[in-house]
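Open your viewer, get your selection tool ready, and follow along from stop to stop. Each stop tells you what to select and what you will find there.

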Amino acid sequence: MKESKCLLMIYAGLVGLVLVLEITAAIMAAVFQSHVHNSAEKGMLRVQNRFFVAMPDYLRMQGTNGANALATFLINYVQLMFECCGARTIGDIANSSSWTASNRTFAGKELKVPLTCCRLRENRKNAVMDPRYNWTNFADDLQDSGCPYKPVGGNGGLNNATCYNSLLEYVSQYSKPIIIICVGIGLFEILGILFACCLIKAIENDVSYAKQ
């Protein structure tokens, strides 16, 4: 009886500690939400400015494990997937130092904006995102074939969303189910603590009754 009571007390204490930590983490996440958003956006801008390169250099780097190749692949993927252009403002990626310093001569012309900033024709996204895609045919898959060679200002062929906000909206779609799951886990933990406390009380009553 004594050993069972001790084990139940340890169980209730550990579950209670986990519950307190979870509540603390939730409060801190809510309090520092804006700080986290700002840090994430700045991090995205930093990667964009330091590592993103134009398509000719990226194609030359394909198959390597360098930071430029990886960052360029990820940014191109995000811009195609979410139909966005730039991290903080639309087209800001065209001003990134690494992109402007890279080789921007594509199909005999100078790129003014990254290829993946431009809107695709309907139903061409999956084809363009295929690893085997032939980028020399990219202009044929654009709504405006001249988009990559026009500056950001007045370029009607650009994707009209920023990538950070697009990613944030995508993650927000799953916030409610995650919150419901977390609340469910918390309630289950509370029930576990209450059940353990009831068992401890029952054991104490049995011990008291046995001593009478």
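Here is the tour, starting with a few ground rules.

This is a predicted model, in which local features need pLDDT of at least 70 and side-chain atom pairs count only at pLDDT 80 or more, while totals for chains, interfaces and linings use all residues. Numbering starts from 1 along each chain as its sequence is written, and side-chain values use heavy atoms, with hydrogens and water left out.

**Stop 1: the annotated helix**

Select residues 178–203, where an unreviewed UniProt entry places the feature "transmembrane region"; such annotations may be inferred rather than shown by experiment. The span is 100% helix and 0% strand, and its end C-alpha atoms lie 37 Å apart. Helices here are DSSP runs of H or I with at least four residues, strands are E runs of at least two, and both are numbered from the N terminus.

Now pick Ile-179, Val-183, Leu-187, Ile-190, Leu-191 and Leu-194: together they form a nonpolar surface patch with about 570 Å² of accessible area. To join such a patch, nonpolar side chains (Val, Leu, Ile, Met, Phe, Trp, Tyr) must lie within 5 Å, and each residue must have over 30% relative accessible area and no salt bridge. The areas come from the Shrake-Rupley method with a 1.4 Å probe, and for residues only the protein chains shown count as cover.

Is Glu-189 buried or exposed? Glu-189 counts as buried because its relative accessibility is 12%, and buried means under 20%, exposed over 50%, and partly exposed in between. Show its surroundings: leaving aside residues up to four places away in sequence, Glu-189 touches Val-15, Val-18, Leu-19 and Glu-22, a contact being heavy atoms within 4.5 Å.

**Stop 2: the cores**

Next, select Leu-111, Leu-115, Val-128, Trp-135, Phe-138 and Leu-158, which touch the most other members of the largest nonpolar core, a set of 28 residues. Helix H3 (55–61) and helix H4 (67–82) each supply at least two residues of this core. A core joins buried Ala, Val, Leu, Ile, Met, Phe, Trp, Tyr and Cys residues through side-chain atoms within 4.5 Å. Centre on Trp-135, whose contacts beyond four places in sequence are Met-55, Leu-59, Leu-80, Phe-106, Leu-115, Thr-116 and Val-128. A second, separate core has five residues, among them Leu-8, Ala-196, Ile-200 and Ile-203.

**Stop 3: the salt bridges**

How many salt bridges does a search of the whole structure find? The search finds nine, each with a side-chain nitrogen of Lys or Arg within 4 Å of a carboxyl oxygen of Asp or Glu.

- Select Glu-83 and Lys-125: their closest N and O atoms are 3.4 Å apart. This pair links distant parts of the chain, 42 residues apart, with Glu-83 in the loop between H4 and helix H5 (97–101) and Lys-125 in helix H6.
- Move to Arg-121 and Asp-141, which meet at 3.8 Å, N to O. Arg-121 lies in the loop between E2 and H6 and Asp-141 in the loop between H6 and helix H7 (163–172), so the pair ties together parts 20 residues apart in sequence. Asp-141 is buried at 5% relative accessible area, whereas Arg-121 is partly exposed at 39%.
- Finish with Arg-104, Glu-110 and Lys-112, which are linked in a network of salt bridges.

Key: Patch = residues over 30% accessible without salt bridge, like charges linked within 9 Å, V, L, I, M, F, W, Y side chains within 5 Å. Buried < 20%, exposed > 50% of the residue type's maximum accessible area, 1.4 Å probe, protein only.
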